[in-house]
Amino acid sequence: MTAVSSIDVRTGTPVAEVAAESTAADVDAVCVRAERAFPALEALGRAGRAAMLRAMADELEARRATLTEVADRESALGETRLNGELTRTCFQLRLFAEVIEDGGYLEATIDHAGDTAMGPRPDVRRMLVPLGPVGVFGASNFPFAFSVPGGDTASALATGCPVVVKAHPAHPGTSQLAYEALDAGARASGAPEGTVGIVHGQEGGSLLVRHPAIKAVGFTGSLRGGRALFDLASARPDPIPFYGELGSLNPLVVTPAAAAERAEEIAKGLIGSFTLGVGQFCTKPGLAFVPAGEAAERLRAAMTAGVAELGAGWMLSAGIHDAFEAGAARLRETAGVSAVASTPDGNGSQGPTASSPVVFAARAGELSGAVLEECFGPVTVLAEYADEEELFAALAGLSGALTATVHIGDGETGLPERLAAALRDRAGRLIWNGFPTGVAVAWAMNHGGPWPATTNALHTSVGGTAVRRFVRPVAWQDAPQSVLPEELRDGPVSVPRRVDGTLEPSA
Ligand code: NAP
């Protein structure tokens, strides 16, 4: 039996044994329990599951002090940030309760039998149904919001899919406590045993993705880890959908007009954004295009002065710290790249996992190698462009991103429209005169993007429509009323429906 330890990341000291790494028998047992829970969880209905999600949020809030204390010890993210993240996580669970109560996500559609220009048509009724048990892998940088009780878990449970979470090795204690809160919420609301389960250890995670009871996987984490597990999911005898939310360069463009108007203000915002959470955000702006010339010099000078006042911060784990330092070293060694701003040695946090912010500069027309890859941590690259031709050629060479940000001048037109068109095809969220870190939990949010931002750009992992990943369409043809789901039966129902081509509001 291999023990899983909770580590104080600030000192590197193991503090407690949290669990044992899951064996093949453990993974099988938890997946079979999830499979058995599936029919009863679906039968709980939308109202029952909405109550369950709210009960889970209540259980998390009741354990707030312990959860944030353990998460802070394991992640060094600080209690203020973690309290905010837990609040967001509970808000998210409650939002998904509203999503399923609304019922629009079911896409309920009825075409009555009748004569059409194509001849007689049968009665056809369609809606979305849950896939079955879902495996969920969270990321190290959001121990709540993108981990055990996060958006993947909430959206899968909302649709009626039991969830088996893979505990993150950087915060196993937090993972276990959050799982216990979700389990208590499930029990308190009459959900079946096995509605939520947990496995620990890398081998346990691989077995989870391959288990026949698992019908989809939600993953948040690194490109390398996501790719490895995506390949496992695809290589199954019965390949399953794998929704990998991965890393991203998140380009940011400053137009000449914006730079002339407010170079210093943009520099200040950019520093705040690329160093937020010690740069450990999937939405961190890693590459900022700035116009060459006097305005760029002002922006660069403001970055240099601002970064010099910052200090080192503790990173999430020894592994992430080492990967960041190796990535920063690769940037330093890349031809045409030079460091233009850094924090003096000795400022800020000290210890084996502490890292300092750094800013590099390069020519937009000469970007290559490490500059074009995510470096997870407090680093960004300023790419100077001489003219629009150089800017658009560089943008065309970028791979997919979660976000793209544009800073434009007051009332500017022309260039913003060209940028919008160029960036739309490369990113899932376009931000104007703002910064990409921070993803609002809202009905309209999209958090995703073309590869390598995600393994599947068709869906979002944040916001009301995240449920779409864990449902599939079924059509019933000439079916008796008794076999139809309640939402497709004749008479008034509490979901919006498209009936014979016309959208009808919920009764
Ligand atoms: P990670 O190292 O990929 O870990 C994520 C999870 O996957 C862990 O449970 C890890 O556990 C497991 N895993 C990784 N490789 C595996 C393999 N080969 N086989 C089985 N399991 C494997 O990612 P992370 O360091 O926690 O997170 C940082 C990354 O997440 C950054 O790149 C960041 O940009 C990204 N991120 C993305 C989003 C988003 O929404 N797009 C949000 C937050 C973070 P084991 O170590 O036990 O294998």
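Colleague: How many residues of domain 1 are in contact with domain 2?
Modeller: Contact means heavy atoms within 4.5 Å. On the domain 2 side, 12 residues take part. Domain 1 contributes 14.

Colleague: What kind of model is this?
Modeller: Residues are numbered from 1 along each chain as its sequence is written, and side-chain values use heavy atoms, without hydrogens or water. Local features need pLDDT of at least 70, side-chain atom pairs count only at pLDDT 80 or more, and totals for chains, interfaces and linings use all residues, as the model is predicted.

Colleague: Which residues make up domain 2?
Modeller: The bounds come from an automatic or database domain assignment. Domain 1 takes 3-246 + 457-471. Domain 2 is 251-432.

Colleague: What area do domain 1 and domain 2 bury between them?
Modeller: Buried area is the accessible area (1.4 Å probe) that two parts lose on being put together, summed over both. Carbon and sulfur atoms carry 63% of it. The total is about 1,000 Å².

Colleague: Which residues does a cis peptide bond join?
Modeller: Most peptide bonds are trans. Here omega is about 10°. The pair is Trp-451 and Pro-452.
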